[in-house]
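Subject: Model for your files, with notes

Hello,

Please find the structure below.

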2 protein chains.
Amino acid sequence: MAYFDAASAAPLHPVGRQALLAALDEGWADPARLYREGRRARLLLDAAREAAAEAVECRPDELVFTPSGTRAVHAGIEGALAGRRRVGRHLIVSSVEHSSVLHTAEVHKALGGSVTEVGVDRTGAVAPDAFAGSLRPDTALACLQSANHEVGTVQPVAEVAEACRAAGVPLLVDAAQSLGWGPVAGDWSLLTASAHKWGGPSGVGLLVVRKGVRFAARGPLDERESGRAAGFENIPAVVAAAASLRAVRAEAAEEAVRLRELTERIRTRVPVLVPDVEVTGDPERRLPGIVTFSCLYVDGETVLHELDGAGFSVSSGSSCTSSTLTPSHVLRAMGVLSEGNVRVSLPPGTPAEDVERFLAVLPGVVAGVREKLGAPVPAGAVRGTERGAQESGAPAGDALVVDALGRRCPVPVIELARVIGDVPVGGTVRVLADDEAARLDIPAWCEMRGQEYVGEEPADRGSAYVVRRTS
Amino acid sequence: MAYFDAASAAPLHPVGRQALLAALDEGWADPARLYREGRRARLLLDAAREAAAEAVECRPDELVFTPSGTRAVHAGIEGALAGRRRVGRHLIVSSVEHSSVLHTAEVHKALGGSVTEVGVDRTGAVAPDAFAGSLRPDTALACLQSANHEVGTVQPVAEVAEACRAAGVPLLVDAAQSLGWGPVAGDWSLLTASAHKWGGPSGVGLLVVRKGVRFAARGPLDERESGRAAGFENIPAVVAAAASLRAVRAEAAEEAVRLRELTERIRTRVPVLVPDVEVTGDPERRLPGIVTFSCLYVDGETVLHELDGAGFSVSSGSSCTSSTLTPSHVLRAMGVLSEGNVRVSLPPGTPAEDVERFLAVLPGVVAGVREKLGAPVPAGAVRGTERGAQESGAPAGDALVVDALGRRCPVPVIELARVIGDVPVGGTVRVLADDEAARLDIPAWCEMRGQEYVGEEPADRGSAYVVRRTS
């Protein structure tokens, strides 16, 4: 059994568990009360706030505890936008932010605000210049994650923070994926995080608002947590969160080196062991524990199911694993393959043997899924059938049409790969598809296979994706 | 050591604690994931939802878990108002609702909605007729607590629900104080509650929205909890909350009888043991564990401090114990004395000896505070000095003035009590005061002492409260 989805949630750190148990006895009362149980609860809350602030490198009175990272993001963005309402209503986010950020931006837009989504390169990183270029005189707030939750790419926060500071715009950093590894460098203005990502308990988020940042809390008045997080404080969980953060930080330097080596093994060996794989994310500027790759001609849900059966818990940004049947917005923004997507995120303490076992199991799993789906024989499949196509004498210019309407990912790409050998070099093939993932995966397949993606054309149903065979 | 503030928060029930520990191991993963840890978490979440729904007597798909009772109230009221936006923007609340309800109503008002506050009688109960009379064609939502959190009075929810149903208006019931004792009777539409009030952990609230009730969740999109409670589910806490609810319910019938007898002792014996005390709340229609009384000529903060020193943790609605230095809005709405206010709320399991010890300690504590403050000798003090006043020959009609400007509760009332003997029967005294509590406590004192409260007049600073001596 190997749990490889720490980027979703990590089990509670043993130190956090101990702290939780102690605080259940000492910290259940109302910290606003003056009697002994209340005073005890207040002491625990204050101590937890100090410990968390030390880890974030902020002042304790700049930090409040929220019921989750999501709530911290909602409250942080809404409060900062409201605080700078007079300056303007322009919000900047990167296109690969966590959905909680993007959904808050959608609400802002629906209420009449304007939003700029700054794009990313194929590694998932924003360009500091592009980010800086989107700053406007009416920009109320900019948001950039410290590192991406799906591919692990670390963002240039310090550079972006500098540009924001120069423009007088506060920068909110969603540090959910990185806070366990270390404080966020740079001159940011607001920060959010989520305890269950670093081995703390569920039910705790952090919202930090630097002194001097204009902030107007939204929602009904509530005195708790400086008026920034309504509801009775969850002190046992907050205490456990702070204790866990301190504990994982103590182990972070050593564990980062170890996990980075393990994910490096996956990064380098998966493409060797499994044909037709794209490893995504920045190979250098990345989190220690996350590695993500996509496998052509495979559906993510089946791979996840097979890996689960083999004892590995991983997640996927493939469309078939989302309730909306659309591929991950992160992979889409990066323009990389989404089919057969696998995110491995190792919790601290993952034994090397688990990773080795994963590398031993993966090739068979992928091959099995491909076989079931009737995927083309990988590696050189195109070249292998090339002669046949030329021999078939299909008239160049008279485009071949593949009808994959009503078929889900990865079928449209499989069908495309099946026929490309029948297309003469220089000729085109039109893939008709109505699965949302095709829009991302057909261009990504072209990129991987060295074919030319001509473009998308409207069709009676779905779209026609035009591909020119170049080799 | 006796903790008598269960209405604020109860310690975690042992059964809840056990459930929490088990769920920390089994329920930390993301229940939206398909791998085994995710499936296990989902099973726990589903089971907790079913158990909670059974206790509420609703369908599991009508119930979502929120991060607190406060958040359940915010989300419930905002969602119901938004769902019935087309009907109108009129909201009805009772004047003694929890602050989370009243603060949500304030936001609604600030956004252009209209709010009717239905008043209560001296016991703290709304009259069903008055509540029904406030229903209008444009009423979007009505809110009524199941029982009051400060004085324990049970509200006529079933009658009010019937009137609302007849008018086609949904009724939201804040059941925070009563859900541990039993389901809320009547045909309500929405219900909220808070786990740490019934012996569950912090960090869990309930929001129930009956099928067929129009509801439009506010805030950024989030798929969790049917889109009604954003953020990663806190499954260990949710499991503990459901287990605690089931456990306290199993003990509720027996414990209700026992606690009711203990609070009855306090209700009947405190006025005998301590002079000049007003016991508040309905003597019959009340929660088993709550009893509240106010002591003339005493400041609540000092009483709380002295009781804490004697080993009793209680709370108070006196102005001196609130951060805003205003008396509790509940006591104000009831028109009862707020000075020297003490709320005793017994947790299940409170031994009778603790209550007896409290009754033994209280008279000395109150007498000590009164002595320190130089309060008039209680009981018959007015009659005792009556002759002197008549002998002084102060001209009737030429009102005596007491200057209590800048003095905090209970000093204005003490000063009034000191001089009333100097006022001829039929004459008046004007008390100048700028402490907010005087507005409530001077009329309440008149009621208790059988004097006539004439009214409040504007003054250069604060107000002049005019009292006529009648006996």
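Conventions

This is a predicted model, in which local features need pLDDT of at least 70 and side-chain atom pairs count only at pLDDT 80 or more, while totals for chains, interfaces and linings use all residues. Residues are numbered from 1 along each chain as its sequence is written, chains are lettered from A and ligands numbered from 1 in the order in which they are written, and side-chain values use heavy atoms, with hydrogens and water left out.

Chain B against chain A

The contact (heavy atoms within 4.5 Å) takes 56 residues from chain B and 56 residues from chain A. About 4,600 Å² is buried between the two chains, and carbon and sulfur atoms give 58% of that area. Buried area here is the accessible area (1.4 Å probe) that two parts lose on being put together, summed over both.

The rule finds 8 salt bridges across this interface, a salt bridge being a side-chain nitrogen of Lys or Arg within 4 Å of a carboxyl oxygen of Asp or Glu. B:Asp25 forms a salt bridge with A:Arg17, with the closest N and O atoms 2.6 Å apart. There are also 15 residue pairs in polar contact across the interface of chain B and chain A, both residues at pLDDT 80 or more. A polar contact is a pair of N or O atoms within 3.5 Å; within protein, one must be able to donate a hydrogen and the other to accept it, and residues adjacent in sequence count only if both atoms are side-chain atoms.

On the side of chain B that touches chain A, helix 1 (14–26), helix 2 (36–56), helix 3 (69–83), helix 4 (99–110) and helix 8 (300–309) each supply at least two residues. Helices (H or I, at least four residues) and strands (E, at least two) are DSSP runs, numbered from the N terminus. Helix 1 of chain B gives the largest share of that side, 5 residues.

Domains of chain A

Chain A is divided into domain 1 (9–248), domain 2 (252–373) and domain 3 (391–468), with bounds from an automatic or database domain assignment. The C-alpha centres of domains 1 and 2 of chain A lie 28 Å apart, and 25 residues of domain 1 are in contact with 24 residues of domain 2. These two domains bury about 2,000 Å² between them, 59% of it on carbon and sulfur atoms. In domain 1, A:Arg122, A:Glu150 and A:Trp181 lose the most area to domain 2, together 38% of what that side buries.

The count between these two domains is 1 salt bridge. A:Arg122 also forms a salt bridge with A:Glu278, at 2.5 Å between the closest N and O atoms.

Two sites in chain B

Helix 12 (residues 411–419) of chain B is largely enclosed by the rest of the structure, because 7 of its 9 residues are buried. Buried means under 20% relative accessible area, exposed over 50%, partly exposed in between (1.4 Å probe, protein chains only). What covers the buried residues of helix 12 includes helix 10 (352–373) and helix 13 (438–449) of chain B.

B:Gln155 lies in the loop between strand 5 (139–145) and helix 6 (157–167) of chain B. B:Gln155 is buried, with a relative accessible area of 3%. A polar atom of the side chain of B:Gln155 lies 3.0 Å from the backbone oxygen of B:Gly124.

Regards
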